[in-house]
Amino acid sequence: MIKIHHLYKYYDGVPVLNDVSLSFRRGRITGLLGPNGAGKTTLVSILAGIVKKDVGEVSADGLDLDTQSRAMKSRNGIVPQTLAYYPTLTARENLMYFGALYGLSGRRLRARVEYCARAGSLDDFLDKRADKYSGGMKRRLNLAIGLLNDPVILYLDEPTVGVDPQTRSYMLETIRAIKRERGTTIVYTSHYMDEIEQISDDIAIIDEGRIILSGSRKELLSGGRKLERLFLRLTTRRLRGQ
């Protein structure tokens with residue numbers, strides 16, 4: 001579905017993505033796990049057509065990023081880590097506005113607004129200004145906006161940052177339902193290992209711009225392949241007078 005070959009991205013001469021080769025299977029949720037600064041957001045931004053790559057090949061659903069980027073973008077949805085909506089507008093106004101940007105109108109636009117509001121559990125709060133929302137509701141609005149164009153591929157960049165456990169659980173279940181009901185291919189980034197384990201069919205681990213490990217969740221968690229092990233050595237130092 002998504003194929004990446006020898007991808008590089010540099011900022012000020014420093015490689016943020018360093019020879020990344022990876023594939024994402026159709027209709028699966030791939031969890032991209034890594035610490036802050038590992039390159040997750042940069043990779044997702046390149047795949048979504050927001051940031052330009054420096055070297056490498058990227059294709060999605062048979063389309064090439066270099067020559068067919070417009071067609072690729074029309075099939076993508078992205079839920080960024082930062083909240084991306086207008087705080088002084090209501091949820092309904094935000095959904096109508098962003099839906100229109102996708103070229104939706106009339107009955108189709110109203111239907112998508114209704115579906116996305118339901119997916120975000122915002123039905124009872126559609127006419128409330130977004131800046132009056134709780135943190136969890138703001139995250140759910142962010143998710144709802146990312147679903148407006150009924151994407152074939154959905155990129156979720158740490159969508160549960162800062163939410164309470166109940167909201168996190170709800171959002172994870174919503175994302176699983178989207179994959180199950182719509183057959184959407186989902187790339188989900190997080191630095192929470194338990195979150196990736198809960199939601200993912202496949203897992204890729206990235207650190208310092210390199211893919212360290214990738215495979216199906218079952219394969220990786222069962223130790224079915226030869227896994228690299230990371231050892232942390234702790235030392236103690238005796239203080240003077242002790």
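Helices α4 (106–119) and α6 (165–182) each supply at least two residues of the lining of the largest cavity; helices (H or I, at least four residues) and strands (E, at least two) are DSSP runs, numbered from the N terminus. The model is a predicted one, in which local features need pLDDT of at least 70 and side-chain atom pairs count only at pLDDT 80 or more, while totals for chains, interfaces and linings use all residues. Residues are numbered from 1 along each chain as its sequence is written, and side-chain values use heavy atoms, with hydrogens and water left out.

The structure holds one cavity of 30 Å³ or more. A cavity here is a set of points, on a 1 Å grid over the protein atoms alone, where a 1.4 Å probe fits but cannot get out, and its lining residues have an atom within 4 Å of a point. The largest cavity contains about 40 Å³ of space, the volume being that filled by probe spheres set on the points, which are joined across faces, edges and corners. Its lining is made up of Arg112, Tyr115, Leu147, Asp150, Pro151, Ile178, Arg182 and Thr184. Sorted by type, these residues divide into four nonpolar, one polar and three charged (Ala, Val, Leu, Ile, Met, Phe, Trp, Tyr, Cys and Pro count as nonpolar, Asp, Glu, Lys and Arg as charged, and the others, Gly among them, as polar).

Charged residues also meet in pairs. Side chains of opposite charge can pair when their charged atoms come close. A search of the whole structure finds 14 salt bridges, each a side-chain nitrogen of Lys or Arg within 4 Å of a carboxyl oxygen of Asp or Glu. One of them joins Asp127 to Arg92, with the closest N and O atoms 2.8 Å apart. Asp127 lies in the loop between α4 and α5 (135–146) and Arg92 in helix α3 (residues 91–101), so this pair ties together parts that are 35 residues apart in sequence. Asp127 is exposed at 56% relative accessibility, whereas Arg92 is partly exposed at 34% (buried means under 20% relative accessible area, exposed over 50%, partly exposed in between, with a 1.4 Å probe and protein chains only).

Another salt bridge links Arg176 and Glu173, at 3.3 Å from N to O. Both residues lie in helix α6, three residues apart, about one turn of the helix. Arg176 is partly exposed at 24%, and Glu173 is partly exposed at 35%. Elsewhere, Arg26, Asp61 and Arg75 are linked in a network of salt bridges.

Arg75 is also among the residues touched by Leu63, together with Val58, Gln68, Ala71 and Met72, not counting residues up to four places away in sequence (contact means heavy atoms within 4.5 Å). Leu63 lies in strand β5 (residues 63–64) and is buried, with a relative accessible area of 10%. The C-alpha atoms of Leu63 and Met1 are separated by 9.6 Å, although these residues are 62 residues apart along the chain.

Strand pairing (at least two DSSP bridges between two strands) brings in β9 (residues 202–207), which runs parallel to β3 (residues 29–33) and is joined to it by four bridges. Within this pair, Thr30 has Asp202 as its bridge partner in β9. Six bridges join β9 to β10 (residues 210–216), and these strands run antiparallel. Here Ala204 is partnered by Ser214 in β10. The hairpin of β9 and β10 has two residues between the strands, and Glu208 takes a positive phi near 50° in this hairpin.

Note on methods
1 Å grid on protein atoms, 1.4 Å probe; cavity = no way out; pocket = protein on both sides within 12 Å on 5 of 7 lines; lining within 4 Å.
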